[in-house]
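This report describes the fold of one chain and selected contacts between chains in the structure shown below.

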Amino acid sequence: MSQPSLSEALRGVVRRDLLLAMRHRSDVAMSIFFVVIVASLFPLGVGPEAAVLRMIGPGVLWVTALLACLLSLGRLFTADYLDGVLEQTALIPQSLAVLVIGKVFAHWVISGLPVVLLSPLLGLQFGLGGDSLGVLTLSLLLGTPTLSMIGGIGAALTLGLRGSGLLVALLVLPLFVPVLIFGAGAVTSSLAGIGSEANLSLLGACFMLSLAFAPWATAVALRIALE
Amino acid sequence: MAINWFKYSSPQAFLPLAGRMIPWFSVAALASICVGLYIGFFVAPTDFQQGDSYRIIFVHVPAAWMSMFLYVVMAIWAGLGLGLNARPSFMMAQAIAPTGAMFTFLALLTGAMWGKPTWGAWWVWDARLTSELILLFQYVGIILLRASIDDLRRADRASAVLALVGVVNVPIIYFSVKWWNTLHQGASVTMTESKMATPMVAAMLIMMLGFWMYSFAVTLARMRCVILDRERQPSWSKHSSIHDVVEAR
Amino acid sequence: MLQTVALSGSRGQRQLFSDVSVTVRPGTLLAVAGANGSGKTSFLRILCGLLSPDGGTILWQGKDIHQLKELYRAQLMYIGHLNGIKDELTPIENLTLSACLAGDDSSGTTVQKALEAVGLGRPVHLLPTRVLSQGQKRRVALARLWLSTRPLWFLDEPFASLDAVATTYLTQRLQSHLSDGGMVVVSTHQEIALPTDSVQHLRLTQ
């Protein structure tokens, strides 16, 4: 009888996904370029007036980060499901919810963290400055892992279904709305000089809440999909 | 005289029972709705600020309340299904979802009909209307998820998980959208009713009752269709119509 | 000791098998046979806990597996139809990670020896698995058996896509596992070359 400890199993899961990402370095680049391109579409659609861009900037950047997360959810579980690695993961004698946190963490490092690191540059494109750039980065730092965790539930529920790309979006976007409101709200209030603490703490609360519940819901959904 | 309720938890026994109950609920629904609409449209006094256009709230507010109640009821059945591994619970959740979605849509439609004469716009980003819109997305998500999964057991359990996740989201959405409304002062319009005269309250409550009766009737009817659809193998359901099933008993 | 009591299973709307009661004692192999679609894979998955049965119980050392949960999972090894290995990683990497996640010895030499035991020595073990043949990929998947110290093995058609040489390797490994007091449940279409007193047969019919 052999059993890995919880931290060994967690490290193993994260290590595997990061190792795979190293073999597919283009995945990281894809997230970055997607965000850059989409963020550039808005000024092209709306006009380059600085005042307008500063007003829509927080929302646009947040929606872009949200869409990037949404589009990358297909990579979270599908490959593992198709090659049998997911059922092996479900058979590991440790809590599947904790292993899900590991997978989501690795996924965030690949798709979410680059967006966070890039955000100050994008913020400058929209005329955000100083404090609000910091708030933007912080809000995305708190928000993108939350979005990945919540998105994991949708990815698990739609595993292997046809048309799952659109379906995941439909299932997960209502769950993303509070994070979007508090995240973009933090930057907007910073720009308005009101102070972003309230929004940021609500964002932090969303993060804690999703950390407590989303992995467990995802694990339940994964076991349902594996039956 | 104790009624053995458990005997009705088998689909075979439930079918004729539901069949007998549906006409009663339908009549009660029709009666309540007619009375409610009469009081709302003709008896309640004209509003001091909004004139007669406010009368649509007698449909809008009960519909909005129903959409939320039904979501919670559906989530309870979903939770029971997952906890007890009981197929009838999943079937109930399946039967409720479309009616809930309908009420949400009705609330949005009547909300727009109210908005036009009152605020001059077909849509306003009011906290309640926006929350209703997101609730509609959640209902549609549950219905579409079930439709996308061919395996019945997986469809039942996956849509149950989604319903439970969604029910946690409903209060969070409401809070966050209200917060968002206060953040953006300019857009804060609220559709709160002005002081309610007694006939108005009466009309609202009667409409609520009517909508509940309607929901019971329609959900039971849909349950029968769900049962017949699922139990296609057993010989007792191999008939061409619901009448035959009841007759053949 | 693994025991099933009146186990029944279905898939979708189809009843696959019912009232299956069988005991697998240490040192025995249970060979599950049946026509295609008779539920062999579902039977194995139910025994692992991946699928829920319609009725009946499964007991490991006398306790219900659904109560044991992780304690039961620590005793078993499941290799299903899917190999459970990553195409982008090399056999060495795949096996090292599998061993690590199973709590087994994942040191370089041990993993290397396991790959050699299935006939995948140098230089094949350093190529990405993607370029290997189906049979070779299956060998990588099965190599886990050489590293495992778990007593209960569930193998779903392990001999499929193996050539005669690999079949011999696998049979020898199964023999040594049974001699150590291990248990194996195998779904297979073919005869396994093991002493008849250690093999039990189960045929799944509706």
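## Fold and contacts of chain A

Of the contacts in chain A between residues at least 6 apart in sequence, 79% join residues at least 24 apart; two residues are in contact if their C-beta atoms, placed from the backbone, lie within 7 Å. The model is predicted: local features need pLDDT of at least 70 and side-chain atom pairs count only at pLDDT 80 or more, while totals for chains, interfaces and linings use all residues. Residues are numbered from 1 along each chain as its sequence is written, and chains are lettered from A and ligands numbered from 1 in the order in which they are written.

Chain A contains 10 helices and zero strands; helices (H or I, at least four residues) and strands (E, at least two) are DSSP runs, numbered from the N terminus. The C-alpha trace of chain A spans about 65 × 30 × 30 Å along its principal axes. Buried residues account for 55% of the 227 residues of chain A. A residue is buried if 20 or more other C-beta atoms lie within 10 Å of its own, with C-beta atoms placed from the backbone.

The contact between chains A and B takes 21 residues from chain A and 22 residues from chain B. On the chain A side, the elements giving two or more residues are helix 8 (130–157), helix 9 (164–192) and helix 10 (197–226). Helix 9 of chain A gives the most, with 12 residues.

Chain A also meets chain C through a helix pair. The axes of helix 1 (residues 6–23) of chain A and helix 4 (residues 91–102) of chain C come within 9 Å and cross at roughly 160°; axes are lines fitted to C-alpha atoms over the stretch in contact, and angles run from 0 to 180 degrees between N-to-C directions. Helix 1 of chain A and helix 4 of chain C are therefore roughly antiparallel, a term for angles over 145 degrees. The residues in this contact include A:Gly12 and A:Arg16 of helix 1 of chain A, and C:Leu97 and C:Cys100 of helix 4 of chain C.

The table gives both contacts by residue class, where Ala, Val, Leu, Ile, Met, Phe, Trp, Tyr, Cys and Pro count as nonpolar, Asp, Glu, Lys and Arg as charged, and the others, Gly among them, as polar.

| Contact | Residues by class |
|---|---|
| Side of chain A that touches chain B | 17 nonpolar, three polar and one charged residues |
| Helix 1 of chain A with helix 4 of chain C | five nonpolar, one polar and three charged residues |

How values were computed
Buried ≥ 20, exposed ≤ 12 C-beta atoms within 10 Å, placed from the backbone. Parallel < 35°, antiparallel > 145°, perpendicular 65-115°, else oblique.
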